[in-house]
Amino acid sequence: MAAKKKSNYQSVSQERNFNKQFESKSERMKFESKIIDWTTFYRRNLHRFVQHYLGLKMHLYEIILLYLMNLFPLIVVVACRASAKSFIIAIFACAKAILYPGSIIVIASSTKKQSSLIVSEKIQKELIPNSPNLAKEIADIRAGQNETEVKFWNTSSIIVVPANDNARGHRATMNIYEEFRMIDKNIIDSVLSPFLVVRQPGYLKKTEYNNLMEEPSEVYISSSWFKSHWVWNFMKTVVKDMYNTKESLLIGFDYAITLKHNIRTKKQLIKERKKMDSMSFDMEYKNLMIGTAENAYYEFDLLNKCQTLKRAFYPRNNIDVVEKKKNKYDIPKKKGEVRILSIDIAMVTNKQGKNDNTVINCLRALPVKDYYERQIPYIEAFNGGNTTEQSIRIKQLFYDFKADYVVLDCQNAGISIADELGKVLIDNDRNCEYDPWTTFNDENTANRIKNPNAVPIIWSVKADASFNHEMHVAMKDVFEKNKIKLLTNSIKAKDYLENNKEYRDNSSENRALFDLPYVQTDLLINEMVNLSYEIKAGKIKLLEPSNGYKDRYVSLAYGNLFIKKMEEDLQGEGSQDNLSELLSYTFFF
């Protein structure tokens, strides 16, 4: 109440001071006429207002975008990483709030943390320090966990809400959907879009001005995504509206805009390209909507609904092992839980000259009545190379994860890894040695292991057309029946990770290590939606695109089929002799 009284007192005081500036009524009317003229000019030329009054410098493409955005009630901006999407949106929201008193601008994203960044990072840290006039227009900023809002002296406000059912009850004259590709379409249609109301300036109370109502507006902003997502059809509808009703705008930018305006350097982009797979680079930087493969075996929505895990597993640092420190990111085992390391081995270079990855999926199999729920809290991928180094890394992850079994492709390059795993290995980085392992379902491979003390924990995979068919069918089945949980996407994971003080206070390089399991899961999804299928002799065969991979998928599918064999024992359908023997070799480290 005290704050409110102070605000009212300031308003009255400011009005009195304003009136003292004019010696006559005519001078006041002349001044007000100029205010009306300038307001009209700036409302029609929003970019000029930002340059003249707010004093903000912008690139040409930003100026053009601001001008266009103010012409349409529906705006869709799909742009590459580092193209200043959020910066432009922050400027647009502030300009609209100042020029249209009483505006209520709502920013929503899949996580409240992400939408709050427009206020905390863009408005507070970038815009206000560079625009004294913007600072004068703002009465208060609240940027807390429970409430994020920018209040303007003219009664406009910018409010941040999460894109979920809890956001119901708000009103808005403009909605901004940050990274809208991550927002459920049903939430936009049933919760967020109904916020929209007409701005209520005083003149609307006069019947002669009824025809001057302003349309509420919606701004969709995101990077590109998969064509199988609802975003693609929505974008096509917006493009049709651009030509038919002329009430919509869709505009996009790729990495060229960041090079042109010195936002990124060519060396930076080359470095990013080396770190990312081609599909991710196409979406993040080339701004391409990636279509699922023709005859796609997996649809994006089928996979996306299973991305519900928040907590990732992280292996131990070598120094922590040497100092005998416990892993603070360990996930305790549940009763009856079985853990599997499932591995697809890569050579240094394949026949097409591409650098394949050795991929290790860490799977948790949690008993639920007559089936196992699969959880994949960690995926690691690295370029195939020295067999001893790969084998040591496998053993490190096995003991870090407290795994019980290893599922390993024992054909081609995999057989040399099986041979290495069958030896006593010295780990100089962790100052320890590892016992030898052998297979328990493959006599030929087991006979290659000469050490009689080798522990039988490897489930050998030697795939043929029949095995692959069974593996693909089993993999799709667990997604269709919701028997598998993957880590949430890397964008949503940010909210969860921000609760970790070590993550918040760390360097960007170390934060990237925390992000990695979520990024690897995104890459897994990328691989799977781009797998096409063909049927030969009644068997399903999956094919990756010429510039793509399926290492992460194959690694996961191996482990899933192993769990299916364990399920058959739970359901009483398997060979009791074979499966009982399999289960008898469970080791808990």
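Colleague: Why is asparagine 468 called partly exposed?

Modeller: Asparagine 468 has a relative accessible area of 24%. Buried means under 20% relative accessible area, exposed means over 50%, and partly exposed is in between, with a 1.4 Å probe and protein chains only. The value of 24% therefore makes asparagine 468 partly exposed. This is a predicted model, in which local features need pLDDT of at least 70 and side-chain atom pairs count only at pLDDT 80 or more, while totals for chains, interfaces and linings use all residues. Residues are numbered from 1 along each chain as its sequence is written, and side-chain values use heavy atoms, with hydrogens and water left out.

Colleague: Where does asparagine 468 lie, and how far is it from isoleucine 540?

Modeller: Asparagine 468 is in helix H18. Helices (H or I, at least four residues) and strands (E, at least two) are DSSP runs, numbered from the N terminus. Asparagine 468 and isoleucine 540 are 72 residues apart in sequence, and their C-alpha atoms are 7.5 Å apart in space.

Colleague: What does helix H18 lie across?

Modeller: Helix H18 (residues 465-480) lies across strand E12 (371-383), E17 and strand E18 (484-487). It runs at about 80° to E18. Axes are lines fitted to C-alpha atoms, for helices over the stretch in contact, and angles run from 0 to 180 degrees between N-to-C directions.

Colleague: Which sheet contains E12, E17 and E18?

Modeller: An open sheet of 8 strands, in the order E9-E18-E12-E11-E10-E13-E17-E16, with mixed pairing. Two strands pair if DSSP finds at least two bridges between them. Strand E9 (307-309) and strand E16 (437-439) are the edge strands, as each pairs on one side only. Direction ignored, neighbouring strands of this sheet are turned by 35° against each other on average.

Colleague: How do you know that E13 pairs with E17 and with E10?

Modeller: Strand E13 (residues 405-409) is joined to strand E17 (residues 455-461) by 4 bridges, and the two run parallel. Strand E10 (residues 338-344) is also joined to E13 by 4 bridges, again in parallel. The required number is at least two bridges. On the E17 side, aspartate 409 stands opposite valine 461, and valine 407 has tryptophan 459 as its bridge partner.

Colleague: What makes E13 largely enclosed?

Modeller: 5 of the 5 residues of E13 are buried, so the strand is largely enclosed by the rest of the structure. Tyr405, Val407 and Asp409 are buried on one side, and Val406 and Leu408 are buried on the other. In a regular strand, side chains alternate between the two faces of the sheet. Helix H16 (residues 413-421) lies across E13, E16 and E17, at about 145° to E13.

Colleague: Why is H5 called roughly perpendicular to H6?

Modeller: The axes of helix H5 (residues 85-99) and helix H6 (residues 112-130) come within 10 Å and cross at roughly 80°. Angles of 65 to 115 degrees count as roughly perpendicular, under 35 as roughly parallel, over 145 as roughly antiparallel and the rest as oblique. H5 is therefore roughly perpendicular to H6.

Colleague: Which residues of H5 and H6 meet?

Modeller: Ser86, Phe87, Ile89, Ala90, Ile91 and Cys94 in H5 meet Ile118, Lys122, Ile123, Glu126 and Leu127 in H6. Contact means heavy atoms within 4.5 Å. By class, this contact has 8 nonpolar, 1 polar and 2 charged residues. Ala, Val, Leu, Ile, Met, Phe, Trp, Tyr, Cys and Pro count as nonpolar, Asp, Glu, Lys and Arg as charged, and the others, Gly among them, as polar.

Colleague: Why does serine 116 count as buried?

Modeller: Serine 116, in helix H6, has 12% relative accessibility and so counts as buried. Its side chain makes a polar contact of 3.4 Å with that of threonine 148. A polar contact is a pair of N or O atoms within 3.5 Å; within protein, one must be able to donate a hydrogen and the other to accept it, and residues adjacent in sequence count only if both atoms are side-chain atoms.

Colleague: What makes glutamate 272 buried?

Modeller: Its relative accessible area is 15%, so glutamate 272 is buried. The side chains of glutamate 272 and tyrosine 285 are joined by a polar contact of 3.4 Å.
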